[in-house]
Amino acid sequence: MKTPLLIASACLLALLSTIGAALPYPILPPLFAAGATNGLNTFLGLPPKLLFGLALTINPLGLLIGSALLGPMSDRYGRRPVLLITAVGAAIGHAVTAGALLIENYPLFIVARFVTGLLEGSGSVARALLADRLEGDLRRKALSWLNGAFYMGWLAGPLLAGATLQFGLTTPFWVAVAALLLVAALVAIALPREAASHATTSWWQVARDRHALNLLREPDLRSLFIITLAYTCGVTGFYEFYPLWLVEVPGYGAQGIAWTTAAMCAVMTATTIVAGRPFPGEPLLRARRFAFAVAAVIALLAVSNATIGLACIILYGIPHSFYNSIVPNYCAERFGIHGQGAVMGLISTTFCLANIIMALVGAVLTLIDTRLILLLGAALTAWSAWRMHSWHHSMARMEGATP
């Protein structure tokens, strides 16, 4: 096993899964809101903004389902075949998406984006792969680097689209196709063939009976899900609505938002380099401190002026990166007996679910004041940090350790 190639493959897979989700953000608005009619924005005579909203939502919905299903399926059928199938399948999905844009077929575009999102939910498999094959400090570092790759995807997706649109509307998607096929080749090289599965159940039975949400039957994992969901709701509330704050408070346009996002992602990615280093003390208590720091930054953004708010947005990634370097590694060590794919799938599922929840809640609260959704996110993150303390003591008592 070539460890550097293994880590590189997992990180590239994570990078491309988020690039695929973020890729259409600068592409779709002109198609639906520029005023020119086309086959996409006139489907069934529905309002263009409604069609645009569905086009943005459908890929994260696929990610949500894929994150819950693909990890457990890789526990059953093996990491290598699931990663190969999803990488090639997502490449085909991007190719079909490009074709749908060319012929301006809205239903085909929606189906292609959903299926692509479903297959890009393999980020949980990448996490499980590293948790399976690495141990100790190397696993902690690799999972931290993997988080950095996820962060970079949200930056690289819009940048890739902006840089390649001059060569044609579908060019970004063809670049994604080529990159995903490269990932499939790396997976084929880096991962040895696994023993053939002797499972007699169908893939549908595995998806139905072994999806990640089945872990919620376990009290400890149910606590993990609740705590992680609350934290992630705060984080996604920040991600989804700080651009609106930038428009309303400092009066930024698209370019200002892009540069602020680039600065935040750069700080976040750089932090992952040091966040994965070993540290003394209890992991949950350390993660708790960083969660409180994240809550404080989001709350400060909600009540601050333009200068302080910009600093909050850019520096937010420091405590968040440290938090994300601790919790997945702790879960891999503590709950791996349930299957690393299922456990990492549960963590990934919370992120997708939080995106949907906060988008719906924020759509209502922002009609009153954008700061309300940011304050709600800060409160949820702070509650998660508070709840983590009692969860730590509960886990310590179960293990017979001194809290």
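Is Leu-244 buried, partly exposed or exposed? With a relative accessible area of 30%, Leu-244 is partly exposed, where buried means under 20% relative accessible area, exposed means over 50%, and partly exposed lies in between (1.4 Å probe, protein chains only). The structure that holds this residue is a predicted model, in which local features need pLDDT of at least 70 and side-chain atom pairs count only at pLDDT 80 or more, while totals for chains, interfaces and linings use all residues. Residues are numbered from 1 along each chain as its sequence is written, and side-chain values use heavy atoms, with hydrogens and water left out.

The chain as a whole may be considered next. The chain has 16 helices and 0 strands; these elements are DSSP runs numbered from the N terminus, a helix being H or I of at least four residues and a strand being E of at least two. Of its 403 residues, 52% count as buried. The accessible surface comes to about 16900 Å², and 68% of it belongs to carbon and sulfur atoms; such areas come from the Shrake-Rupley method with a 1.4 Å probe, and for residues only the protein chains shown count as cover. Contact means heavy atoms within 4.5 Å. Among contacts between residues at least 6 apart in sequence, 84% join residues at least 24 apart.

Leu-244 is placed in helix H10 and, when residues up to four places away in sequence are not counted, touches Thr-366 and Thr-370. The C-alpha atoms of Leu-244 and Thr-370 are separated by 7.3 Å, although the two residues are 126 apart along the chain.

Helix H10 (residues 219–248) also packs against helix H12 (residues 283–303): their axes come within 11 Å and cross at roughly 30°. Axes are lines fitted to C-alpha atoms, for helices over the stretch in contact, and angles run from 0 to 180 degrees between N-to-C directions. H10 and H12 are therefore roughly parallel to each other, as angles under 35 degrees count as roughly parallel, over 145 as roughly antiparallel, 65 to 115 as roughly perpendicular and the rest as oblique. In this pair, Tyr-231, Gly-234, Phe-238, Tyr-242 and Trp-245 of H10 meet Ala-291, Val-294, Ile-298 and Leu-301 of H12. The residues of this contact divide into 8 nonpolar, 1 polar and no charged; Ala, Val, Leu, Ile, Met, Phe, Trp, Tyr, Cys and Pro count as nonpolar, Asp, Glu, Lys and Arg as charged, and the others, Gly among them, as polar.

A second pair is formed by helix H1 (residues 3–22) and helix H8 (residues 171–190), which pack at an angle of about 155° with their axes 9 Å apart. That angle makes H1 roughly antiparallel to H8. The contact involves residues including Leu-5, Leu-6 and Ser-9 of H1, together with Ala-179, Leu-180 and Leu-182 of H8. By class, the contact has 13 nonpolar, 1 polar and no charged residues.

Arg-79, in helix H4 (residues 79–103), is buried, with a relative accessible area of 6%. Glu-104 lies in the loop between H4 and helix H5 (106–120) and, at 38% relative accessibility, counts as partly exposed. Its phi is near 55°, a positive value in a residue other than glycine. In helix H6 (residues 123–133), 9 of the 11 residues are buried, so this helix is largely enclosed by the rest of the structure.
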